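Let's take a walk through the open spaces of a protein and meet the residues that surround them. Please have the sequence and the 3D view at hand as you read.

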Amino acid sequence: MTEKNLTWYKDAVFYEVYIRAFNDGNGDGHGDLIGLAQKLDYFKDLGIDCLWLSPMYPSPLRDDGYDISNYYDIHPDYGTLDDFKFLVSEAKKRGIRIITDLVMNHTSDLHPWFQEARKSKDSPYRNWYVWSDTDQKYNETRIIFLDTEPSNWTYDDVAGQYFWHRFYRTQPDLNWDNPEVIEEFKDIARFWLSMGLDGFRADAVPYLIEREGTNCENLPETHVILKDFRAFMEEEFPGTILLGEANMWPWDLRPYFADGDEFQMCFHFPVMPRLFMAIKKGEVSDVIDIMQRTPEIPSSCQWCTFLRNHDELTLEMVTEEERQWMWQQYAPEERMRLNLGIRRRLFPLLDNDRRKVELLHAVLFALPGSPILYYGDEIGMGDNIWLFDRNGVRTPMQWSNTTHAGFSDADETYAPVIDDSEYGYCTVNVENALADRDSIWYWMEHLIALRKAHTAFSRGTYSFVETDNPAVLAILRVDDRESILALANFSDCEQAVRINLPEYKASEKIELFSSIPQGFSEDEYHRTLLGPYEYQWLLMQ
Ligand code: NOJ
């Protein structure tokens with residue numbers, strides 16, 4: 001394998017698939033692996049390089065599969081191991097990679113390990129979980145699922161002790177101080193990677209290890225474990241990746257890349273809410289500020305950038321004041337809020353305004369990192385805030401205007417299809433999107449193709465160029481082949497802007513989306529007028 005292949009993730013465009021919602025292949029009302037395999041050409045057409053699949057393992061589904069009860073099988077709703085192998089091999093034929101969720105921090109309370117562990121203090125599995133006689137240990141640790149869990153400890157009658165859990169009480173934390181747990185997870189990884197999987201999105205990794213007197217997050221011992229895990233993957237499955245889910249500040253995220261020998265990728269959580277802040281304020285300083293406070297990462301590593309995913313739009317990485325402001329702006333109704341976030345989809349958040357959707361994507365794709373799209377956002381799906389927990393952003397994919405949006409031919413589906421006047425499946429669906437050359441779908445296809453045609457976006461350096469206008473973001477991406485200036489007007493008014501670009505004075509500027517030449521600059525400044533929410537990618541020759 002060449003060096004380039006080993007760092008494929010740097011050039012990839014990712015897509016998150018929530019399997020249950022995507023396509024029902026066997027007519028039982030739930031999306032499944034066979035249904036997903038039938039849609040692989042869809043991703044190919046859109047230009048997607050790698051799918052991230054939500055957890056597909058057996059689970060009682062108290063946290064939609066993030067509560068695993070068997071790491072070595074497929075949830076019956078989703079199919080069989082053979083279906084999984086089929087999916088992976090069909091994806092490979094099309095050059096599409098697949099990574100899946102690997103939930104390391106906790107299991108389901110119905111996992112046989114936990115059921116054994118609780119039986120007795122002498123159980124061989126007792127030490128696989130974290131127990132205590134009191135609920136006062138580690139009490140500097142915050143609660144994540146604030147709306148439902150009063151404590152990180154829950155008393156278990158059978159065990160006669162409290163067990164530790166960072167998420168729902170039905171998700172006991174594993175004890176990663178126990179070498180048996182470490183070895184078991186290597187076996188789990190071997191099991192899946194040897195089927196040809198391309199890596200894992202490692203769930204909730206900051207919380208693996210607990211230590212008294214700390215907040216039990218991002219501890220050095222956790223990094224030791226993750227590094228060792230990476231070394232094992234590197235050794236046995238070179239070219240596979242670990243994408244870390246650590247909802248942390250940039251300086252706390254930086255150690256997850258270590259010297260290029262821990263995670264290849266981490267989600268950049270803090271920039272996401274700031275993009276939404278910026279477009280509401282019509283002012284870009286928050287985005288620049290957080291990126292400037294983001295340390296450099298090793299050259300083999302890459303951020304993963306996103307606008308939305310299957311969870312609430314998290315507001316953990318903003319100040320209390322900013323959070324209140326975001327809630328007022330984006331979640332005026334109580335039921336739009338969940339924990340420290342907003343349970344809404346992208347299009348409703350952006351007022352179904354195509355200009356805003358394009359602007360945020362044009363910026364996302366120009367920022368350092370590999371972007372990931374959330375299923376349905378490429379056609380502008382809406383949400384259903386009346387559904388429980390985060391289910392409102394996990395409704396069936398809208399394929400057509402037929403029954404159940406063409407998602408399933410069952411009588412009933414796992415969740416209702418969106419059917420409101422604005423986002424209903426009769427108008428918002430893939431079939432309509434593909435029939436209209438001006439649809440957002442084709443725009444995204446174009447965006448993806450443009451980004452992939454210019455490696456400066458995936459591998460180049462980046463800097464923010466000084467402008468005289470606080471509404472305009474100017475990102476300069478440079479690699480050894482080319483220089484691209486991405487401009488974005490975050491305000492709803494026309495903006496004149498002057499950009500200080502002395503090095504590119506003599507370069508002809510060509511706007512990439514439109515292929516329209518913009519001429520040369522008269523002096524060291526590039527001057528332009530940007531319409532409301534207008535963006536440009538200027539190739540500077
Ligand atoms: C993060 C996942 O994205 C979320 O859906 C889940 O509830 C928690 N981790 C716990 O596994």
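What follows is a short tour of the ligand site, then of the cavities and pockets. Please keep in mind that this is a predicted model.

**The ligand and its shell**

Let's begin with the ligand. There are 13 residues around it, and Asp63, His106, Asp203, His310 and Asp311 come nearest. Sorted by class, this shell holds seven charged, three polar and three nonpolar residues.

Some of the contacts can be followed atom by atom. In the side chain of Asp63, an N or O atom lies 2.5 Å from an oxygen atom of the ligand. The side chain of His310 also has an N or O atom by a ligand oxygen, here at 2.9 Å. For Arg390, a polar side-chain atom is 3.0 Å from an oxygen atom of the ligand. How much of the ligand does the protein bury? On its own the ligand exposes 300 Å², and 97% of that is buried by the protein.

**The cavities**

Where does the ligand sit? The space it takes is the largest cavity. This is one of three cavities of 30 Å³ or more in the structure. Its volume is about 340 Å³. The lining of the largest cavity is made up of 25 residues, and those nearest its centre are Ile144, Phe145, Phe167, Glu245 and Asp311.

Strand 14 gives the largest share, with three residues.

The largest pocket holds about 410 Å³ of space. It is lined by 19 residues, and Glu296, Ile297, Pro368, Gly460 and Tyr462 are the closest to its centre. Strand 10 (302-306), helix 17 (456-459) and strand 15 (461-464) are the elements that each give two or more residues to this lining. Its residues divide into eight nonpolar, seven polar and four charged.

The second largest pocket has a volume of about 290 Å³. Of its 17 lining residues, Leu61, Asp64, Phe388, Asp389 and Asn391 lie nearest the centre. By class, seven of the lining residues are nonpolar, seven are charged and three are polar.

**Side by side**

Here are the volumes again, for quick reference as you turn the model.

| Space | Volume |
|---|---|
| Largest pocket | about 410 Å³ |
| Largest cavity | about 340 Å³ |
| Second largest pocket | about 290 Å³ |

Notes. Residues numbered from 1 in each chain as written. Predicted model: local features only at pLDDT ≥ 70, side-chain atom pairs only at ≥ 80, totals over all residues. Heavy atoms only, no water. Near = heavy atom within 4 Å. Polar contact = N/O pair within 3.5 Å; in protein donor to acceptor, adjacent residues only side chain to side chain. Areas by Shrake-Rupley, 256 points an atom, 1.4 Å probe, with all protein chains shown as cover. 1 Å grid on protein atoms, 1.4 Å probe; cavity = no way out; pocket = protein on both sides within 12 Å on 5 of 7 lines; lining within 4 Å. Sits in = over half its atoms within 2 Å of the grid points. Nonpolar A, V, L, I, M, F, W, Y, C, P; charged D, E, K, R; others polar. Points joined across faces, edges and corners; volume = space filled by probe spheres on them. Helix = DSSP H or I, 4+ residues; strand = E, 2+ residues; numbered from the N terminus.
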